[in-house]
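Hello,

Here is the structure I promised you. Please open it first, then read my notes below.

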Amino acid sequence: SFGTAIGTFFTAFISCFAAVWIFAFAATTIASAKGGKLGLNDGIVFGAYAVTPMLLFSILALIPNRWVQWVADQLAMPFAFHVLSLGVVSQLGVPEGKAITTVAQLCGALFVIWALMPNLLPALVRLFG
């Protein structure tokens, strides 16, 4: 129903904002370990930059079809990884020699966060709600 689609949309949207903060912490930690010079504010900017495709494609959750969200995720994931890879050297300050391994670790972190957030937020709402 349309009400379920709206609920799914808001859950996905809130999950994306929570994912920005969690990914910002992961990006700051990984980049610092690789020689990047940044603070948490820079990590938040980078996290928002990298998660933007997820936010844009979460709008498709309004369409009340269970396959639409899955297709949107499949389209957003490679786009988010590409956007993420463009900002590693310029935004995180990682040396170019360590950029490839940093991108791989950040893509892995984003994938794990992406997989956990849609299930984690409803579980927290049920637990505390």
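Along the sequence, the protein chain follows the pattern α-α-α-α. There are four helices and zero strands. Helices (H or I, at least four residues) and strands (E, at least two) are DSSP runs, numbered from the N terminus.

Two notes on the source. This is a predicted model, where local features need pLDDT of at least 70, side-chain atom pairs count only at pLDDT 80 or more, and totals for chains, interfaces and linings use all residues. Residues are numbered from 1 along each chain as its sequence is written, and side-chain values use heavy atoms, with hydrogens and water left out.

Now the chain as a whole. Of the 129 residues in the protein chain, 40% are buried. Buried means under 20% relative accessible area, exposed over 50%, and partly exposed in between (1.4 Å probe, protein chains only). Take the contacts between residues at least 6 apart in sequence: 72% of them join residues at least 24 apart. Contact means heavy atoms within 4.5 Å.

H2 (residues 40-57) and H3 (residues 66-92) pack at an angle of about 165°, and their axes are 8 Å apart. H2 is therefore roughly antiparallel to H3. Angles over 145 degrees count as roughly antiparallel, under 35 as roughly parallel, 65 to 115 as roughly perpendicular and the rest as oblique. Axes are lines fitted to C-alpha atoms, for helices over the stretch in contact, and angles run from 0 to 180 degrees between N-to-C directions.

Which residues meet? From H2 they include Phe46, Tyr49 and Met54, and from H3 they include Phe79, Leu84 and Leu92. The residues of this contact divide into 17 nonpolar, two polar and no charged. Ala, Val, Leu, Ile, Met, Phe, Trp, Tyr, Cys and Pro count as nonpolar, Asp, Glu, Lys and Arg as charged, and the others, Gly among them, as polar.

Then the core. The largest nonpolar core has 30 residues, and Phe23, Phe46, Leu84, Val88, Leu106 and Leu110 touch the most other members. Such a core is a set of buried Ala, Val, Leu, Ile, Met, Phe, Trp, Tyr and Cys residues joined through side-chain atoms within 4.5 Å.

Last, Leu92. Leu92 lies in helix H3. Is Leu92 buried or exposed? Leu92 counts as buried, because its relative accessibility is 0%. Its C-alpha atom is 6.2 Å from that of Leu38, 54 residues away along the chain.

Best wishes
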